[in-house]
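Please open the structure in the viewer and keep the selection panel at hand.

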Amino acid sequence: MTVTLAFEDGTIRIEGDVPDLPFVETDPRSKTARAPAVHYATLREALDERGVAYDDRVLDAPSLDVASAYELRDYQQEALDAWRANGDRGCLELPTGSGKTVIGLAAIETLDTAALVVVPTIDLLEQWRRECETEFDVEVGQLGGGEQNVEALTVATYDSAYLRADDIGDRFGLVVFDEVHHLGGEGYREIARLLAAPARLGLTATFERPDGAHETVEDLCGPLVHRIAPDDLAGEHLAAYDIKRLAVELTDAERAAYDDHRETFTNYLAASNLDMRSGSDYRKLVMRSGNDPQAREALLANQRAREVMMNADAKVETLADLLDRHREDRVIVFTAHNDLVYRLSERFLIPAITHQTGAAERREILAKFREGTYSRVVAANVLDEGVDVPAANVAVVLSGSGSTREFTQRLGRILRPTEDSGRALLYEVVTEETAEERVAERRR
């Protein structure tokens, strides 16, 4: 009896004389066997190895005959070749500004099958759709941003793909996950599990996640098959760059406040046997703060200490010197807090972008930055990824997290080659004798 494979609600439904297959479980309700759709390609391979004949009705994915005018650079072709050599499955890590989108377009062109592109933000949704419409003479569907239209080539946000994956999981032979590290998030994992697409491409500038969830990404999209560091491309395909760390001191009043808050925090840790060497200790503290007043006070004290060190007056004065020194340059200033963004915007008359900035206003600011009307912008986190930021050659990090991903994304904002082929420059402004020194070490 021939085995039949069909797609149903994010699963592969298997009927007939079903042999022992990986990932397959019996469904007592329908009296059939089922496996998560993500294992579709594995099931086919297992059936082929066993010499079992099967009727494959899973994919309803039309061919996609498209061609792009892009010619891949050598390093882009090497990345694509590595992905193809791994059976059209896996993740690529390349620096911001190196053309990950171009590689994604080349994969779509090469495979000649319906493709879904999944992105984390509305900005990237619009960018990918614009690129696809420019390069390919086909209708481009969109899921997210107020539209719900599925075509053979469709771009979707992670949120919209999460809501629709069980419904459209058989419509595509290829799925491209941009900023694929997001796929490690608990909810977003379901997108990859519910899609049957055998070909999977993950694109990112920072593959590893501090929580170890990149291992889940490998299970769902494939392993990291090719990696290119910024240094590998600097000076030829990306701007050469330097990183300078500038140390500043707290004022006497700031020092007193910082030390007082830190003492409250560290005293509680000592009494509670927490050393904060892992994220689990911090989560324990947060959980305790719900019913333990001392834990809550310790948590608040730590936050206040961070605010003091990250928003130090000396940082503002240092920024004033840097802006004066780089009057002829294009500068992006990064901070961790909205309050400092608005403080700097008001003092230096710099356009500000935070999560509170509307999409239209943000596009207008970045457009004027691109055309040169604005030569500097200050932002809190929102420009780290998922936004097409115009080329700048100087970045100033006044505050941030210990995340390597955040640091790499911010560095990438100044690595696009400029007309004069000059060196890019990133300044880290760090408060001396505070926890920020350790944070700065971690993120580098």
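In which loop is the place of Asp-88? Select Asp-88: its place is in the loop between α2 (74-85) and β6 (89-93), where helices (H or I, at least four residues) and strands (E, at least two) are DSSP runs numbered from the N terminus. This is a predicted model, in which local features need pLDDT of at least 70, side-chain atom pairs count only at pLDDT 80 or more, and totals for chains, interfaces and linings use all residues. Residues are numbered from 1 along each chain as its sequence is written, and side-chain values use heavy atoms, with hydrogens and water left out.

Asp-88 is not a glycine, yet has a positive phi of about 60 degrees. Most residues other than glycine have a negative phi. With 15% relative accessibility, Asp-88 counts as buried (under 20% relative accessible area; exposed is over 50%, partly exposed in between, with a 1.4 Å probe and protein chains only).

Next, select Glu-433, in the loop between β19 (424-431) and α16 (435-443). Its phi is also positive, near 55 degrees, but at 61% relative accessibility Glu-433 counts as exposed.

Then display helix α12 (residues 313-325) with helix α13 (residues 338-348): their axes come within 12 Å and cross at roughly 45 degrees. Axes are lines fitted to C-alpha atoms, for helices over the stretch in contact, and angles run from 0 to 180 degrees between N-to-C directions. In the contact (heavy atoms within 4.5 Å), α12 contributes residues including Val-316 and Leu-319, and α13 residues including Leu-340 and Phe-348.

Finally, display helix α9 (residues 252-272) and helix α11 (residues 293-310), which pack at about 150 degrees with axes 8 Å apart.
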